[in-house]
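User: I'd like to learn how to read the contacts between chains in a model like this one. Can you walk me through it?

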4 protein chains.
Amino acid sequence: VGVIGSTLVSLYGDDRLRADVLGALGRDGGFFATAVTERDAGSELDRLRTTAVPKGDVVVLTGEKLFSTNADSARHLLVVARHEAGADDQPHVAVVVPRDADGVAVSEPWRTNGLAGSPVHRVTLADCAVPAGNVLDGHGLRLLEVGLNASRVLIAATAVGMARRIRDLCLDFAGTRRLRGGVLGKHPLFADKMAQVEIEIETMRSQCRTAAADYEAVRTSPDAARRFARRGALKSALVAKVFCGQAGWRVASTGSEVFGGLGYTDEVPIGALMRDMRHVSLVEGGEDVLRDVVYRRFTAPPVRRA
Amino acid sequence: VGVIGSTLVSLYGDDRLRADVLGALGRDGGFFATAVTERDAGSELDRLRTTAVPKGDVVVLTGEKLFSTNADSARHLLVVARHEAGADDQPHVAVVVPRDADGVAVSEPWRTNGLAGSPVHRVTLADCAVPAGNVLDGHGLRLLEVGLNASRVLIAATAVGMARRIRDLCLDFAGTRRLRGGVLGKHPLFADKMAQVEIEIETMRSQCRTAAADYEAVRTSPDAARRFARRGALKSALVAKVFCGQAGWRVASTGSEVFGGLGYTDEVPIGALMRDMRHVSLVEGGEDVLRDVVYRRFTAPPVRRA
Amino acid sequence: VGVIGSTLVSLYGDDRLRADVLGALGRDGGFFATAVTERDAGSELDRLRTTAVPKGDVVVLTGEKLFSTNADSARHLLVVARHEAGADDQPHVAVVVPRDADGVAVSEPWRTNGLAGSPVHRVTLADCAVPAGNVLDGHGLRLLEVGLNASRVLIAATAVGMARRIRDLCLDFAGTRRLRGGVLGKHPLFADKMAQVEIEIETMRSQCRTAAADYEAVRTSPDAARRFARRGALKSALVAKVFCGQAGWRVASTGSEVFGGLGYTDEVPIGALMRDMRHVSLVEGGEDVLRDVVYRRFTAPPVRRA
Amino acid sequence: VGVIGSTLVSLYGDDRLRADVLGALGRDGGFFATAVTERDAGSELDRLRTTAVPKGDVVVLTGEKLFSTNADSARHLLVVARHEAGADDQPHVAVVVPRDADGVAVSEPWRTNGLAGSPVHRVTLADCAVPAGNVLDGHGLRLLEVGLNASRVLIAATAVGMARRIRDLCLDFAGTRRLRGGVLGKHPLFADKMAQVEIEIETMRSQCRTAAADYEAVRTSPDAARRFARRGALKSALVAKVFCGQAGWRVASTGSEVFGGLGYTDEVPIGALMRDMRHVSLVEGGEDVLRDVVYRRFTAPPVRRA
């Protein structure tokens, strides 16, 4: 999602970068892709192999990124790389790379199980030099965590939207589908399932709102950049992402049951919605990875428990 | 919970009743019990058989109520009864009955599976006469719905509290329990379970806060009594009750697993917490009953869908 | 699955039909498709509208069947239809229709979410006349139940096979995937998930074996045709179908988590396996429909409870 | 359960011990308790601290066992202890200890959450000397695994029995409980829940039968003792224990919902059944511990996968 790069530039970019990048996005539109994951560094980002080597007033990037959504049509890519000159406690950097910089190659899109409207690409960086001022101010992995806060809340919110779509499709179908001398929509078993779907949707929404409020409280504070960097991942955003992935999957499974064999065909979009919903749990940190963060940061330390 | 009666008196009682009942509660403390459920009218309250017969300036109540928490030590009971003089569209009334009124008999407490601190009694009303002014203004079942809004949010909140207690018990235990050359608290499997517990707790809290905010928005409005009566059960409160019962039960099951055989003894309170948690799903409307309300009021009508 | 038709012909066909149909299948191979479901008769087969009208020594079939797997390449179709001359207690017939009979039209295959190797078609029957001897002996819906016994056990068994495939894919992946200085395959969280998968597979297999043994006990009895007709759907076969659909779906969801973002691409077949697994729960009776049969036949009547 | 000790004596005791112990059980009845678990050795039995020191023709046992069911009224106890003279690869022994031997002290029973008919005790062994011939032939922990095979299948079978009891209680209740102008037993939502309960029961039974058949196949083979010792824990028995604990818990939760508030009282035994059912998952190896065994023995090694 394009929000990671633009958030980080606005918080941790210098004046020139903010003007260039955000000005262009504001004026001409366009997309800001993120290129982080590598084949051997998905759940463990400290294993990233892409390097950023300072050379005079440029930084040279080399490596291969496995997944980058909308990379091909993007205006810029946010790349996280190992910093060759980095201190021990700050070994990574986050760098803004123009899509059309020399050395940037974007593959054909992956064939994926869903989300047809969001092509995902491999990105190769071959001796790709960008101005030193394109390096954001701070620890690359920490900045990524900050950017992911907004992105995870947005992904969770898309799960809410898809769940509502599934509910409405089921209700429309049930309103005319004959069953036992009446319609499916009046049948107690259908009513019970749909009410449980409603309960999932309502709790998903409440958690998304909680996370959005937490995020806004930091973002609108006078020293947002410093506070975000100190806090990193917000607990409510992590929870929104994991919970909406789980609850959304339950909703999608119910929706699939409602349509039965017809839902296995392309006459109704429930199959596509199910595949799209699956993405929520898999992108930007799987459940295991995020639960590990939740435990270490917010559960194990007695002072952090809520 | 005592909140139902006091809420309803404050909203729908006349000046004398408010002064008498709420004044006494405020001055001397005490409990306001609720006596609604009957043996054949649990999930279907329109089957209530207890009657309220107007006779001059009193109303005479006759019937048997199956469950009334803290009835014996309460100062007043809120009783919902069939109104012999009621209009077709308002066949029930809610009446404030002093615990020490003639004709009120309270049984020995039920032996229950948990919640040792909250005795539940049968209440018999035998030609029990109370002033006509003790009848609250409005449809009895609708007023009950209004009172249950506050009560259900409170019950949901107790589930949050119990879930946090379970989490903390598990973490304390795991901090010293030896496992594989370390402690349980450092084991990935335990961490993963506890993070999921944390995720449940966070979402339970978010839903409780949503429901509490909805409730407060109505309660603090100028025409709270009328608005509550028009809306009846609040969707967010229904969802908080059902969801916290479900999520709390998952947390209790996890807690029970963590302690293993030791948790089956009285050396640790996890067994008692599990039994107390079960109550959340069973009291003041089981899941099926509340999902039926959710579906009919908030899911089936297209204009009410969120 | 082709087993329905061949089972029913062998049990309820006359000598000529058995020789013709089964002889051809044995000699030359080929597929025996089933064409039952209609747009308004999926979960309620007594709403079938396709008609079978006796005319002299033929029966004329007219109607449209919504789903028929492999219909285009099949040698014969088993069609269930309303019998215009049927008695009140036997209003349907099961009829063997040659694929190349006049009046049989098979549509382009549906575009489905999975099972690419098993095309599903619409079948139109327009004044399609077949010999009266192609009508099987017995109540059409009852015969269908008999045929579904074998078919449901086979479908359940395919779920076992897919679950084992998913397990093996996960284990192969985990054997080389680096994690925390070791491999994923040695991580306790992965081990725990895979053991749960193993538990699902083992219970799925046990239920399939139970159902297969029940089926064989009837099939190999001297009066198999009559006993099958009297018993209709076997409880263990219904349970195998529903349970393997549920357990298989849990396995597929776990498999999808293991592969994370990579599993959302076509580099690994987990996405395809998940879509194929979904079919198990949707085909030949959804969960609701089969649970309804289980309750009415085997749970509600005290004498049938096991 | 008494089956562990008697199984092991019959397989691994010498002629004198078999005659003494099994003869007495057969002639006079009585119970054979098991005393294994210690406070710091529950899930990791290699941490047992109870010692068995050979002294001439006796073995002296010293230690404290945390849980021993029916120990007080038992005739013998099977004790697993660290063998002071044990080889590196066989550091534990299993020893038959008469209940009335000097040095055996049995505590008051634990107060437990359920299973009122099966008192569980602490057992202290203080310089308790028993004949050297009371030591069974083989590795103590391996023999325990062998004994647990029978015991785990029996525990799983009790879960089936309790689940059937819960189902029957629900159906009896539903047969007279009024709902919506009919009875609960005719309501589609109740039917759907009970059918799912039936599906759980049927799969539990199938897995128990599979495990029992596996066990019998070894037990009735000519070299049962050697084959059992080589195989240790049987996969199907591990799976029966874990699965029946999980499925039984789902059944108990459903049963609790059916009875609602009434089920929270002692008017119906569903609360007691739920507490008893919990025990299935906690005794003789929690889910985590057994899944760890399943993974290491039967899932990770490619040659063992089924």
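Analyst: Let's begin with a term: a salt bridge is a side-chain nitrogen of Lys or Arg within 4 Å of a carboxyl oxygen of Asp or Glu. Between chain A and chain C the count is 10 salt bridges. One of them joins D292(A) to R180(C), with 3.6 Å between the closest N and O atoms. Keep in mind that this is a predicted model, where local features need pLDDT of at least 70 and side-chain atom pairs count only at pLDDT 80 or more, while totals for chains, interfaces and linings use all residues. Residues are numbered from 1 along each chain as its sequence is written, chains are lettered from A in the order in which they are written, and side-chain values use heavy atoms, leaving out hydrogens and water.

User: How many residues does the contact take from chain A and from chain C?

Analyst: Contact means heavy atoms within 4.5 Å. Here 41 residues come from chain A and 41 residues from chain C. Buried area is the accessible area (1.4 Å probe) that two parts lose on being put together, summed over both. For chain A and chain C that comes to about 3,700 Å², and carbon and sulfur atoms give 47% of it. N113(A), Y264(A) and L282(A) supply 21% of what chain A buries against chain C, more than any other three residues.

User: Which element gives the most to the side of chain A that touches chain C?

Analyst: Helices (H or I, at least four residues) and strands (E, at least two) are DSSP runs, numbered from the N terminus. On that side of chain A, α7(A) gives the most, with seven residues. As for class, Ala, Val, Leu, Ile, Met, Phe, Trp, Tyr, Cys and Pro count as nonpolar, Asp, Glu, Lys and Arg as charged, and the others, Gly among them, as polar. The side of chain A that touches chain C has 11 nonpolar, 13 polar and 17 charged residues.

User: And what does the area buried between chain B and chain A look like?

Analyst: About 3,200 Å² is buried there, with carbon and sulfur atoms giving 56%. The contact draws 35 residues from chain B and 35 residues from chain A. The rule finds eight salt bridges across this interface, including E202(B) with K235(A), whose closest N and O atoms are 3.8 Å apart. On the side of chain B that touches chain A, α4(B) gives the most, with 15 residues. By class, this side of chain B has 13 nonpolar, nine polar and 13 charged residues.
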